[in-house]
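Subject: Structure handed over, with notes

Dear colleague,

Please find below the structure we discussed, with the sequence alongside it. My notes follow, and I would be glad if you read them with the coordinates open.

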Amino acid sequence: MLTILLTGTLALTFNIQPVKGFETIYIKADGSVNPPTAPIERNGNIYTFTDNIDGSIIIEVGLIVIDGANYTLQGMKEVGSCGFFANGLTGVTIKNTHIAGFWKGIDIYGPVRDWNIIQNNITVNMIGISACHYFHDSIITENQIANNNNSGIQLSLTSEYNTITKNVIANSTFGIVFEGGISGSGYNVITQNDITYNEYGLLIESSRNTIVHNNFINNSNQASIAEALNNTWDNRCEGNYWSDYRERYPNASYDDYGIWNVSYVIDGSNQDNYPLRNPYWNPGDTNHDLKVDIYDIVQVTAYYGAPWDPDRYCHIDIAEPYGVIDIYDIVLICTNYGKEYNP
Ligand SMILES: [Ca+2]
Ligand SMILES: [Ca+2]
């Protein structure tokens, strides 16, 4: 069903047209940039944009950093086009790049590991980030991934042990998609993302992923699981924020830590047992009332040095070292003191 949905959407929107004035740039296996006139400055293994680029970048060497320096890599919505393309390379960082107008903004084929996709603005592509076949041990963080027609992030074919965190993923048909069935993409952690105004916020066709401390806001389908596969939606203490919670569970109530007393059910095998009353935004807001204030400090100091109590400590053990409530947990609240949620 998923494949039909994906290809069905693909057919709808992109123009199939020849493209002019568009260059393909290679970062070659020997580290050189071709053509050498491309506005990319190389300093050792760091490649920095010096201007906007109308074109695609084919990466042929690993262990490099590509810094877009807030310039734009612009496509022309050609079917099959990629902003960045890489096949089988390890240790590539792509950061600070505005990537727009491609079939796939970032297109990665594995097996690869140790990728970092950081602080990019990935918009108006068909698929924002596509990682296919053994994409492992990588981080996608602090990106704005919005208005991509089909999907924001798509992982498929045994892409595992990745962390997707602190991204804004908005206004796509599918915010995040994991394809691949029972042996598919598992052991990924999705945490502290704002997943908003997508048709499907999260669509998972695999199991053994952990989804916690995300904000699912106004997606037509907040989260969908194919084939009733089992994923984890809380850390046995706190889960996610669901904007439709009150509508679905009008009789629920929340405790002193801002956790609803009725689980949010996704399907028969998937439920968030500790849904948050308010959006997750700051670890110092231990009671989830959207302010960091004296009440949060009281929560921590009341149990400072007390015997381990998993029901309480899980909310206030917010800083390393974990497993103990100490001065570092208090310091983290104090450094955030006075802050209020401001989306
Ligand atoms: Ca608070
Ligand atoms: Ca701690």
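Two residues are said to be in contact, or to touch, if their C-beta atoms, placed from the backbone, lie within 7 Å. With that in mind, Phe84 touches Ile57, Ile59, Ile94, Ile106 and Asp107, residues up to four places away in sequence being left out.

Before going further, some conventions. This is a predicted model, in which local features need pLDDT of at least 70 and side-chain atom pairs count only at pLDDT 80 or more, while totals for chains, interfaces and linings use all residues. Residues are numbered from 1 along each chain as its sequence is written, and chains are lettered from A and ligands numbered from 1 in the order in which they are written.

Confidence

The predictor's confidence in each residue, pLDDT, runs from 0 to 100; its mean over the chain is 91, and 93% of the residues reach 70 or more.

Overall form

The chain has five helices and 31 strands, where helices (H or I, at least four residues) and strands (E, at least two) are DSSP runs numbered from the N terminus. Its radius of gyration, taken over C-alpha atoms, is 21 Å, close to the 20 Å that the globule rule (2.2 Å times the number of residues to the power 0.38) gives for 343 residues, so the chain is as compact as a globular protein of that length. Along its principal axes the C-alpha trace spans about 65 × 45 × 35 Å. The domain assignment, with bounds that come from an automatic or database source, gives domain 1 (2-232) and domain 2 (294-335), and the C-alpha centres of these domains lie 37 Å apart. Among contacts between residues at least 6 apart in sequence, 51% join residues at least 24 apart.

Cores

A residue is called buried if 20 or more other C-beta atoms lie within 10 Å of its own, exposed if 12 or fewer, and partly exposed in between, with C-beta atoms placed from the backbone; by this count, buried residues make up 44% of the 343 in the chain. A nonpolar core is a set of buried Ala, Val, Leu, Ile, Met, Phe, Trp, Tyr and Cys residues joined through C-beta atoms within 7 Å. The largest such core has 68 residues, of which Ile59, Phe84, Ile108, Ile153, Ile176 and Leu202 touch the most other members. Apart from it lies another core, of eight residues, among them Val300, Ala319, Ile325 and Leu332.

Leu202 is found in strand β25 (residues 200-204) and counts as buried because it has 28 C-beta neighbours inside 10 Å. Leaving aside neighbours within four places in sequence, Leu202 is in contact with Gly175, Ile176, Ile195, Ile211 and Ala223.

Helix α5

In helix α5 (residues 327-335), Asp329, Leu332 and Ile333 are buried. Seen down the axis of α5, these buried residues fall within an arc of 100° (the arc of the directions from the helix axis to the C-beta atoms), so they line one face of the helix. They pack against α3 (294-301) and α4 (310-316), whereas the face turned away from the buried side carries the exposed residues Ile327, Val331 and Thr335.

Loops and backbone details

Gly186 sits in the loop between β22 (174-178) and β23 (189-191) and, with 21 C-beta neighbours inside 10 Å, counts as buried. Beyond four places in sequence, Gly186 touches Glu160, Ser206, Ser207, Arg208 and Asn209.

Most residues other than glycine have a negative phi, and most peptide bonds are trans. Arg208, in the loop between β25 and β26 (210-212), has a positive phi near 65°, and is partly exposed, with 15 other C-beta atoms within 10 Å. Leu63, in the loop between β5 (53-59) and β6 (64-67), likewise has a positive phi, of about 55°, and counts as exposed with 12 C-beta neighbours inside 10 Å.

A cis peptide bond joins Gly110 and Pro111, with omega about 10°, and Pro111 lies in the loop between β11 (104-109) and β12 (112-113). The peptide bond from Glu320 to Pro321 is also cis, with omega near 0°, and Pro321 lies in the loop between α4 and α5.

With kind regards
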